[in-house]
Each structure stands twice: as structure tokens, then as C-alpha cells.
Amino acid sequence: MTTVPQVRKLLTTIPGPKSEAILKRRSEAVSSALGMAIPIVVERAGGGIIVDVDGNAIIDMGAGIAVVNVGNSAKRVVENVQAQVEAFTHTCFMVAPYLGYIEVCEALNRLTPGTHSKKSILLNSGAEAVENAVKIARNYTKRQAVVVFEHAYHGRTNLTMAMTAKNMPYKEGFGPFTPEVYRMPMAYPMRWPGGPEKCADEALDFVIHKMEKELGGKNIAAIVIEPIQGEGGFIVPPKGFLPGLAKFATDNGIIFIADEVQTGFARTGDMFASNDENVVPDIIAMAKGIAGGLPLSAVTGRAEIMDAVHGSGLGGTYGGSPVACAAALGAIATIEEDNLCKAAVEIGKIISTSLNAMKAKYSIIGEVRGRGAMQAIEFVLPGGIEPHPTAVGAIVKFCQLEGVLVLSAGTYGNVIRLLPPLVMPLDLLHEALEVLDRAIASV
Ligand SMILES: *Cc1c(COP(=O)(O)O)cnc(C)c1O
């Protein structure tokens, strides 16, 4: 168990000399194709703090991209993992099954939206979960077309690259992409041509019209959407859009797939973001927050859909590793027993109050949006909605030098997203927001 003191502390500039020396080795040994949000080398992390090799203690407002919702090295996760590692590390679930995998599936069948009969499979990454969700939907419907949205992010494998919207950096030079993926306009209230009030109705009409006229409802296997778009910039569709899509799917025999890889596991103040409008996806893809930092992902869906695929049609060597399953059971117990949904709501109120106060002060803030502990600021040139990505670069840098890690996002690179661990001490949260305020004032 890590016992990391919950205080921000800077002993050196960022990066310090020890980090700098190791980062030099990084650039010599590791492909330069990998990004780096903050130039430090981590030694330990826990609660709301990351400690680097120079002894700097940095407030973590990113949670490893919504992964350590329960915090780093959470007590139940560490205990479960240690016990599992000593018992056995791998048999391959498809070779010789074990209880942990089954218990994770039982938990997901219970926790995901809807009271219908469900079944699950476990995999390694978010992209792999999305790929499997699409495979299952195609196999079940015997159709091929997959509908996705502008600003979507679904991963970096070949199929999920095709489903992801943004070319640079995710797709540039990596084609050809898989066919039968069709992109629809997203209900993005701040940028909807008819204005935010008309966004829900107009976007839904437009998308349904396109699906009917350009694809034909009976040819569509699946509609795949993030209930709140993550990498796209925490775009929250207006009320009515998701239920409208889900209804169109049901009416046309289309599988409605919620990609809750980033929104899941208490992040938005609900176990899953689909619950907000009582949307019941036919299939839900999960990963990130599922296992307290160990690599695991899952697909849960209606039992008849999940069982339609032929025997041995799904799987993977490592999918549902016993160690990752043990971690997931620890993470899920932490979320439920420590009521981290409530913590996410509380964190969200503090962040959105603070960000809205900043919006009143700074004309470069175009919008503050989000739900629960998933909040963002979209930066614009004053007086309009022209994206302002250079402000984001400067603000992220300012925060780093002050010992606060914040992440950017957005198709236009003009969004700062805040997604702290849900165990973030509230005094640290206030402190991080105060640094962010000064950072925005500085640009
Ligand atoms: C991160 C993410 C993915 C991909 O997950 P990986 O584990 O990186 O493959 C897919 N969908 C969404 C919504 C994500 O945020």
C-alpha cells in the first residue's frame, strides 16, 4: 500500500535533474512516437498525488486518463492482486477457467444499465472491447454498417482508428482503414449551427435522416457512441439525443453500443453515464476505470446477443487475466463500499463552481461543461467560438511548473479536461483549481 503524503510539494523545477537524466534515456530507448503529458519520471503515487524521482509531489488531475478512479495502489486492489499473484498468474481463461473472471462478469452484469439478462466477456484494452462489441453486433445482426460520430475516440487498432474521428495524431499515415464505418454529425451544443437550444432536435433529425437515406436502417449493425465524448473534449450531448438514437436503434433492429471506456465506473457520478437519461445500451464497452490501473476491459450485453456468436468465436490469450480480475474486484468493491459515485458528484460540484467563476472572469473561456468528476473548459478567442489551442498549451505548462498535472483534449486541442481520482482530498482539489485560475489569468 502506498502511503503518499497528500500535499503538493516542489523540491526542484519541473523536470528535476533526476527526471531529466532518465528522460534522456527514454528518448534514446523509447520510440519518439509516444507522447508525454508531463516531463517527470514517477516514483510513487496515491490518493491525489504523484511523486517523481526528484521528490516533487504533484497534484494529479488526470488519474492516468480516468483509470485510477479509486486512486493509485488502492488498498483493496493491492491486497487482491498480491494474493492472486501468489496463487497463480495465468492459465488462460479459455484453457482452464478461474473464479475471478466469472465474478467480474457477474459484477458487470449487475452494475451495467438495465435489468434484463446480461452476459460479459473480458479483454485487455478499451480498443479491444470496442472491437469485440462491433464483432458481436455484426455477427448477431448479420449486417455490416457501423455508425459513429464526429469528435469520437474509440482507440488505435485498425477498426477503432476507422471509428475515431481525429486524423492527427491518431490516423495520419496509418491507413487503409476498414470499410463500412460511417460518421454522423455530433450533437455538440456550443458549436451547433442552429444554436445550443435547437441542438438536440436538429441533430437527432439530421442524423436519423442521414442513417435512413444514406445507409438504410436495415443495413446498420451498430450505432456506437460515447455518452460523453472523452478525447473529443468532454462533449455532453443535449438531453434527448442519446435516448432518440437508442430508440431509432431499437426500432430498426440496430445494436446500440455505449462506449463507456472513459465515462464508466463512477466517473460521472453514476456507475455509468448512460444512466443519466435512463438509456439502456444493448452492449456496453468498458475499460479504463475498471481495475484500478491494471489492464482489463469488458463487453457486457444482452444475453441473447452475447450468446449468438459461435463457440470459440471470441477470446484472447490474456483477456481477463486473473491478476487484472482480482484488481477489478478490489476496484469495484472500493467504488461501491466507499460510495465513490457520491464522491464524484461532490468533486464535480466543486470543480464546476470554480470553473464557472473563472468563466465569468476570463473572456477566453467559451464553455464550462461536464458531469461529475469529468469537467472541462473549452478555450476560444474572445468574443466568438474560434478555438484557442495556444492558450491550452500555456495553461498546461504553467500548471506543471506549479506542480499540478492537467490534461488537454478536443478535436481543436483547445480543451482542458479535469478528471481527478475520486479519492482526491478536497483541499488538494481546491488548491489545484486555484493554480489553474492563476494559469488562465497568466495567458
Ligand atoms: C481510451 C478510450 C478508448 C481506448 O482505450 P484503450 O485502452 O486505450 O485501447 C476507447 N474509447 C474511449 C471512449 C476511450 O476513452
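1. Gly47 adopts a positive phi near 60° in the hairpin formed by β1 and β2, where two residues lie between the strands. The model is a predicted one. Strand β1 covers residues 42-46 and runs antiparallel to β2, with four bridges joining the two. Gly46 has Ile49 of β2 as its bridge partner.

2. The hairpin of β2 and β3 has four residues between its strands, and here Gly55 has a positive phi near 90°. Strand β3, residues 57-60, is antiparallel to β2 and is joined to β2 by three bridges. Ile49 is bridged to Ile59 in β3.

3. Strand β2 spans residues 49-52. Side chains in a regular strand alternate between the two faces of the sheet. In β2, Ile49 and Val51 point one way, while Ile50 and Asp52 point the other way. All four are buried, Asp52 included.

4. Turning to the ligand, the residues around it are Ser125, Gly126, Ala127, Tyr153, His154, Gly155, Glu226, Asp259, Val261, Gln262 and Lys288. By class, this shell holds three nonpolar, five polar and three charged residues.

5. An oxygen atom of the ligand is 2.8 Å from a backbone N or O atom of Ala127. The side chain of Asp259 places an N or O atom 2.7 Å from a nitrogen atom of the ligand. For Gln262, a polar side-chain atom is 2.8 Å from a ligand oxygen atom. Of the 390 Å² of accessible area that the ligand has on its own, the protein covers 82%.

Conventions:
Residues are numbered from 1 along each chain as its sequence is written. This is a predicted model: local features need pLDDT of at least 70, side-chain atom pairs count only at pLDDT 80 or more; totals for chains, interfaces and linings use all residues. Side-chain values use heavy atoms; hydrogens and water are left out. A residue is near a molecule or strand if one of its heavy atoms lies within 4 Å of it. A polar contact is a pair of N or O atoms within 3.5 Å; within protein, one must be able to donate a hydrogen and the other to accept it, and residues adjacent in sequence count only if both atoms are side-chain atoms. Accessible areas come from the Shrake-Rupley method with a 1.4 Å probe; for residues, only the protein chains shown count as cover. Ala, Val, Leu, Ile, Met, Phe, Trp, Tyr, Cys and Pro count as nonpolar, Asp, Glu, Lys and Arg as charged, and the others, Gly among them, as polar. Buried means under 20% relative accessible area, exposed over 50%, partly exposed in between (1.4 Å probe, protein chains only). Two strands pair if DSSP finds at least two bridges between them.
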